[in-house]
Amino acid sequence: MYAYGQPMLAIITTRNSVEDSSARMKRQQLLARLRDLVILLLAVTTALFFMLRLAGDPAMVLAGADATPEQLAALRAQYGLDRPLAIQFFMYLWSLLQFDFGASLASGVPAMEKVMDMLPATLKLSGLAMGFTIVCAIPLGGWLGARPETPARRIVAAIVFVLQGTPGFVVGLIMIQIFAVDLGWLPSMGHEEVSTWILPTVSLGAFLIPKLTRVVATNINESLQEDYIRTARASGASEFEVLWSYALPNAMLGTTALIGTMFAFLVSGAVVTEIIFSWPGIGWLLIESTQNLDFPVVQAIALVITVLVFTINTLADLLFGLLDPRIRVRT
Amino acid sequence: MNRALSRFVPRFELALGGLLVGALALLGVAGKAWVGLDPMEGNLMARFTPPDAANLLGTDNLGRDLFARVLAGLRWSLSAALLATSAAAIIGTSLGLLAAETEGWLRRLVLGSIDLVLAFPGLVAAIVVIAVVGQGFWPLVLTLGLLSWPVFARVVYAESLKLLAQNYVLAARLSGAGSAAVLIGHLLPALKGTLAVMLAFHFADMLIAESALSFLGLAAPLGEPTWGNMLAESRPHLFRAPWMLFVPAGAIVLVVVAANLVGDGLARTVDPSGQTSLK
């Protein structure tokens with residue numbers, strides 16, 4: 001009855017097996033990622049553990065400057081610091097496996113609790129700065145990348161170029177001078193009221209916007225020379241449509257990785273900005289606990305940052321695959 | 001842009017950037033004699049002097065001449081960034097070449113350590129490493145170099161893989177060239193352009209990193225005239241002496257822009273189509 005039954009079935013089974021293998025590949029990729037994360041965390045933990053021990057003696061930090069040798073010995077015995085370093089390291093790893101990150105040497109509070117208290121402020125600042133950067137850089141980059149090259153575009157491109165060479169913390173300091181000190185318009189400290197968000201957000205944005213703008217502009221410029229743009233023009237799309245609804249989506253593909261990198265940078269690299277604006281985030285905590293040699297807290301910060309950066313980069317990769325069907329097919 | 005102009009622009013960028021770098025280097029070398037003032041010597045009678053004829057860029061909270069200090073900082077910052085860049089380039093290029101030429105565990109080890117160092121945020125690592133090795137010029141150079149070599153290694157590895165498959169490399173091998181001869185005699189010359197571009201951009205990054213770490217009080221010893229220290233010193237005196245902020249800030253921006261100009265100009269000269277995946 002079904003003359004084409006056999007071939008049809010064959011096609012269906014082939015397709016199923018293709019789907020099976022692609023699902024398997026995805027699972028394998030996910031497992032490979034997780035394995036990478038575990039290796040990374042282990043390497044970071046190991047390196048930090050031994051480096052921090054080289055930096056100073058935790059018992060001295062606990063006891064304070066005027067401790068007697070007896071007090072130090074008692075503390076060492078209490079915290080197991082008198083045992084061989086290798087034993088201490090494996091004990092530390094063992095407690096990490098049980099999600100015990102130790103207590104802050106300075107305050108006795110669990111180290112991870114301290115980091116988690118500070119994390120929301122850092123995430124808030126990162127989110128604000130990333131949002132601000134995207135909102136400014138994409139229209140600006142689109143406009144700069146469009147043709148023809150007018151004097152106005154050239155002047156803006158030059159400004160972007162100079163701003164690209166200006167570190168965010170320098171912008172932050174200059175903005176404090178102008179808007180907080182000279183004009184008195186905005187506060188330079190605090191983190192709760194909306195008015196205190198503006199200067200840190202803008203100073204981080206000032207560092208990131210030029211980079212993203214230039215990449216968007218280059219990508220737009222390249223997209224505009226593609227055949228599909230000519231087709232769109234021929235089918236009657238206006239220049240505005242060609243730029244924003246034809247060239248831009250294609251140009252955005254190349255920027256997802258950069259946006260991921262930037263977000264990862266913000267989560268970890270906003271250290272100086274947090275210091276300048278007394279923003280109580282993990283960058284601020286990192287400096288404080290490094291200077292106090294508060295080992296458990298430094299370790300906890302490093303682990304949290306590693307996981308965050310890793311997650312962001314993985315998400316950016318996944319997003320890239322979702323946005324670009326060509327890559328989805330290939331993997 | 002017409003063809004003549006598009007050929008002119010990268011040269012213009014290169015020339016302007018090169019001129020700036022040259023002038024700054026000259027200032028760094030000869031500036032001390034020109035200013036004739038000690039960057040460390042304060043004059044408490046002349047604190048917070050705005051820029052005038054005697055103190056071209058004004059004085060700071062201890063009456064020290066800011067022009068003399070910014071020049072001293074130029075020497076510190078330029079040499080720290082230059083040495084850190086060289087360290088990163090030498091380590092990164094060697095390991096990148098090694099990973100491209102060898103196979104098996106050695107390649108996996110190099111690629112693994114590239115991923116490892118890149119996955120961990122640089123500034124955080126730098127802060128911790130400096131806490132261990134201590135402050136000062138050489139610890140700083142070493143830290144920056146050791147944490148940033150993967151940038152070079154990754155690009156050199158990728159480019160070398162492509163080059164190693166080229167016919168001229170195969171021809172060299174057939175005519176009896178060994179690994180070292182191929183890498184040094186045939187690959188390095190081909191990587192020259194890429195490396196030059198990376199050096200310029202990396203130098204700018206190192207300078208920013210150096211000034212940020214100095215600003216945090218982690219790189220240069222306190223009181224040492226470096227730009228990061230000067231920025232930190234300016235903070236309590238913003239109301240009285242804004243020039244204390246603007247002088248080092250301007251210096252940092254000037255050097256980074258000059259390095260970026262050179263990098264951009266080189267990138268467009270090396271690869272006029274702009275297809276290079278650098279920056």
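Contact is defined here as heavy atoms within 4.5 Å. The model is predicted, so that local features need pLDDT of at least 70 and side-chain atom pairs count only at pLDDT 80 or more, whereas totals for chains, interfaces and linings use all residues. Residues are numbered from 1 along each chain as its sequence is written, chains are lettered from A and ligands numbered from 1 in the order in which they are written, and side-chain values use heavy atoms, with hydrogens and water left out.

Chain A contains 15 helices and 0 strands, and chain B contains 9 helices and 0 strands. Helices (H or I, at least four residues) and strands (E, at least two) are DSSP runs numbered from the N terminus. Of the 331 residues in chain A, 42% are buried; in chain B, buried residues account for 49% of 279. A residue is termed buried under 20% relative accessible area, exposed over 50%, and partly exposed in between (1.4 Å probe, protein chains only). Among the contacts of chain A between residues at least 6 apart in sequence, 72% link residues at least 24 apart. The corresponding value for chain B, for contacts between residues at least 6 apart, is 71% joining residues at least 24 apart.

The domain assignment, which comes from an automatic or database source, divides chain A into domain 1 (22–55) and domain 2 (111–330). Domain 1 of chain A supplies 12 residues to the contact and domain 2 of chain A supplies 11 residues. Between them the two domains of chain A bury about 1,200 Å², 77% of it on carbon and sulfur atoms; buried area is the accessible area (1.4 Å probe) that two parts lose on being put together, summed over both.

The largest nonpolar core has 130 residues, and those touching the most other members are A:Val115, A:Phe169, B:Ile127, B:Leu207, B:Leu213, B:Trp227 and B:Leu231. The largest share of this core, 13 residues, is given by helix 14 (residues 295–323) of chain A. Domain 1 (22–55) and domain 2 (111–330) of chain A both contribute residues, so the core lies between them. A nonpolar core is a set of buried Ala, Val, Leu, Ile, Met, Phe, Trp, Tyr and Cys residues joined through side-chain atoms within 4.5 Å. With residues up to four places away in sequence not counted, B:Ile127 touches A:Val271, A:Leu286, A:Ile287, A:Thr290, B:Leu213, B:Leu216 and B:Leu218. A second, separate core of 21 residues includes B:Ala100, B:Ile114, B:Val182 and B:Leu183.

Helix 7 of chain A (residues 168–182) has 15 residues, which at 1.5 Å a residue should span 21 Å; the end C-alpha atoms are 20 Å apart, in agreement. The expected span is 1.5 Å times one less than the number of residues. A bend of about 30 degrees occurs at A:Ile176, the bend being the angle between axes fitted to the seven residues ending at a residue and the seven starting there. Because 11 of its 15 residues are buried, helix 7 of chain A is largely enclosed by the rest of the structure. Among these buried residues are A:Phe169, A:Leu173, A:Met175 and A:Ile176. The buried residues of helix 7 of chain A pack against helix 8 (194–223) and helix 12 (271–276) of chain A, and against helix 7 (179–215), helix 8 (227–234) and helix 9 (243–270) of chain B. After helix 7 of chain A comes A:Gly184, with a positive phi near 65 degrees.

A:Leu208 is located in helix 8 of chain A and counts as buried at 3% relative accessibility. Apart from neighbours within four places in sequence, A:Leu208 is in contact with A:Thr133, A:Met262, A:Phe265 and A:Leu266. In chain B, B:Val70 is found in helix 2 (residues 66–101) and is buried, at 8% relative accessibility.

Most residues other than glycine have a negative phi. A:Phe99, which is not a glycine, has a positive phi of about 60 degrees. A:Phe99 lies in the loop between helix 4 (85–97) and helix 5 (111–145) of chain A and is exposed, with a relative accessible area of 69%. A:Ser278 likewise has a positive phi, near 45 degrees. A:Ser278 occupies the loop between helix 12 and helix 13 (282–291) of chain A and is partly exposed, at 32% relative accessible area.
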